[in-house]
Amino acid sequence: MDERPIHPHDPVPERPARPLQGRTALVTGVSRRDGIGYAVARRLASYGASVFCHHYGPHDAEQPWGADDTDAVLAGVRAARTDPNARVEGARADLAAPGAPRELFEAARAALGRVDVLVCNHARSGGDADLAGVTEAMLDGHWAVDARSPLLLAQAFAAAHDGGPGGRIVFLTSGQGQGPMPGEVAYAAAKGALAAITLTVADELADRGITVNTVNPGPVQTGYIPEGVESALAHKLPMGRLGRPDDPARLIAWLATDEARWITGQVFNSEGGFARWRDRP
């Protein structure tokens, strides 16, 4: 048995049951119970945080998966709370609209008092094409939602942050640097910009105690991957399945805690070993 004295500078490792208790978070794209944003919001609530959930149902209503019931979504997040004093609020916003990102941030701050954690999970789906077919409107539409609005939310967050606890920004990208995305030139360009800008924004905000990281959740089944496509991908999935929304949510929630305070400027690929290059056996 090792009975050497503990070094006086060695901290005793601790992991609080509610690592985000007393903190607040704004999570965007919390519109569907099958989505990653919903899983992230529930994780943060289970860690003790108060959560402000952004949603924009009209976008989902235009997609094959359809819109969800906003009240049911918020009720699901509230059910995950472990701190009875934590709050769960929400607001609808079209983040493509001029001024909408700052208005959303201010709504979250007004509801919760401050914002300690920002998770930019929202994205625009559809309205895209290959290089031959992409249009100015497609490029501008995806840029406004997928790149411009997260950066403006980060700008508002940084301006309001007072150096207190928290100070976490997490962007979401889609692995454009891991492999091609045929037929999605506008989406890939806009989401790829977030991965490219992560280190620059992280460097700018580091001396203010704000960490900035980006997560590529990988192939996660949120209702958008048809069953036939999932079967066709099986040979590329070492763990035998597509990701579930809570898979990337666990990583994102951890990045929001003090355990991740030394991590910034990174792009994480949470892909479950997705072997894009693996040929069919």
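This is a predicted model: local features need pLDDT of at least 70, side-chain atom pairs count only at pLDDT 80 or more; totals for chains, interfaces and linings use all residues.
Two packed helices are described by the angle between their axes and the distance between the axes. Helix 1 covers residues 36-46 and packs against helix 8, residues 246-255, at an angle of about 45°, the axes being 8 Å apart. That angle makes helix 1 oblique to helix 8, and their crossing is right-handed. On the helix 1 side the contact is formed by Ile-36, Ala-39, Val-40, Arg-43 and Leu-44. On the helix 8 side it is formed by Asp-246, Pro-248, Ala-249, Arg-250, Ile-252 and Ala-253. Sorted by class, this contact between helix 1 and helix 8 holds eight nonpolar and three charged residues, and no polar ones.

Helix 1 also packs against helix 3, with an angle of about 30° and axes 8 Å apart. Because angles under 35 degrees count as roughly parallel, helix 1 is roughly parallel to helix 3. Here helix 1 contributes Tyr-38, Ala-41, Arg-42 and Ala-45, while helix 3 contributes Val-73, Gly-76, Val-77 and Ala-79. In this contact of helix 1 with helix 3, six residues are nonpolar, one is polar and one is charged.

The next topic is the core. The largest nonpolar core contains 32 residues, and Val-30, Val-40, Leu-44, Val-51, Cys-53, Val-77 and Val-119 have the most contacts inside it. Two or more residues come from each of strand 1 (24-27), helix 1, strand 2 (50-55), helix 3 (70-79), strand 4 (117-120), strand 5 (168-172) and helix 8. Helix 1 is the element that gives the most, with seven residues. Another core, of 27 residues, lies apart from this one; among its members are Leu-26, Ala-111, Val-115 and Val-212.

Two residues show the packing in detail. Val-119, with neighbours within four places in sequence left aside, is in contact with Leu-26, Val-27, Thr-28, Val-40, Leu-44, Val-170, Leu-172 and Ile-252. Ile-252 is part of helix 8. Its relative accessibility is 0%, so Ile-252 counts as buried. Residues up to four places away in sequence not counted, Ile-252 touches Val-40, Val-119, Val-170, Leu-172 and Val-215. Val-40 in that list belongs to helix 1 and takes part in the contact with helix 8. Between Ile-252 and Val-220 there are 14 Å in space, C-alpha to C-alpha, and the two are 32 residues apart in sequence.

Definitions and conventions:
Residues are numbered from 1 along each chain as its sequence is written. Side-chain values use heavy atoms; hydrogens and water are left out. Axes are lines fitted to C-alpha atoms, for helices over the stretch in contact, and angles run from 0 to 180 degrees between N-to-C directions. Helices (H or I, at least four residues) and strands (E, at least two) are DSSP runs, numbered from the N terminus. Angles under 35 degrees count as roughly parallel, over 145 as roughly antiparallel, 65 to 115 as roughly perpendicular and the rest as oblique. A crossing is left-handed if the near helix is turned anticlockwise from the far one by less than a right angle, and right-handed if clockwise. Contact means heavy atoms within 4.5 Å. Ala, Val, Leu, Ile, Met, Phe, Trp, Tyr, Cys and Pro count as nonpolar, Asp, Glu, Lys and Arg as charged, and the others, Gly among them, as polar. A nonpolar core is a set of buried Ala, Val, Leu, Ile, Met, Phe, Trp, Tyr and Cys residues joined through side-chain atoms within 4.5 Å. Buried means under 20% relative accessible area, exposed over 50%, partly exposed in between (1.4 Å probe, protein chains only).
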